[in-house]
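Hi everyone, thanks for coming. Have a look at the picture on the screen while I talk.

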Amino acid sequence: MTEKENEKLAAELRSCGEKLIGIAGQLAAGAEAPDGTSEKTAGAAEKTKDAEMAEEVQEKAVKKEDVRAVLAVKLKEGYKEEIRELFEKYGGSRLKEIDPSHYSELMKDAEGLGHA
């Protein structure tokens, strides 16, 4: 397997992991609390904290190489102009000019190209 294929697979696995985190959060939101009350009445603050933690884990998991792999696939699919627009949206003209704190959002936007 080539390095590019490995990068693509790694990006797809991370994407699946992010989706699983989201599903787990949704399932937890509907679960019952230990005292028998629903999660909805058990406290919105706890749900917010869980969501923030999941988002933080998700953002930390996205690396430059992951974003680069997704962008490479989208370039091959013909989304060159759309990728330029995404770079501009996140404050750069190249990936190395983008603040790493935006990698997660950039990757989500790039993965969404062609699915609108």
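Predicted model: local features only at pLDDT ≥ 70, side-chain atom pairs only at ≥ 80, totals over all residues.

Residues are numbered from 1 along each chain as its sequence is written, and side-chain values use heavy atoms, with hydrogens and water left out.

Okay, helix H4, residues 64-76. Helices here are DSSP runs of H or I, at least four residues, numbered from the N terminus. In H4, Asp-66, Val-67, Ala-69, Val-70, Leu-71 and Lys-74 are buried, meaning under 20% relative accessible area with a 1.4 Å probe, protein chains only. Just after H4 comes Gly-78, with a positive phi of about 95°.

What does H4 pack against? Helix H5, residues 80-89, at an angle of about 145° and with the axes 8 Å apart. Those axes are lines fitted to C-alpha atoms over the stretch in contact, and angles run from 0 to 180 degrees between N-to-C directions. Leu-71, Lys-74 and Leu-75 of H4 make the contact with Lys-80, Ile-83 and Phe-87 of H5; contact means heavy atoms within 4.5 Å.

Next, the loop between H5 and H6, where you'll find Pro-100. Buried or exposed? Pro-100 counts as exposed because its relative accessibility is 51%, and the exposed cut-off is over 50%. Pro-100 is also 7.8 Å from Lys-63, C-alpha to C-alpha, though they're 37 residues apart in sequence.

That's my tour, thanks!

Technical notes:
Helix = DSSP H or I, 4+ residues; strand = E, 2+ residues; numbered from the N terminus.
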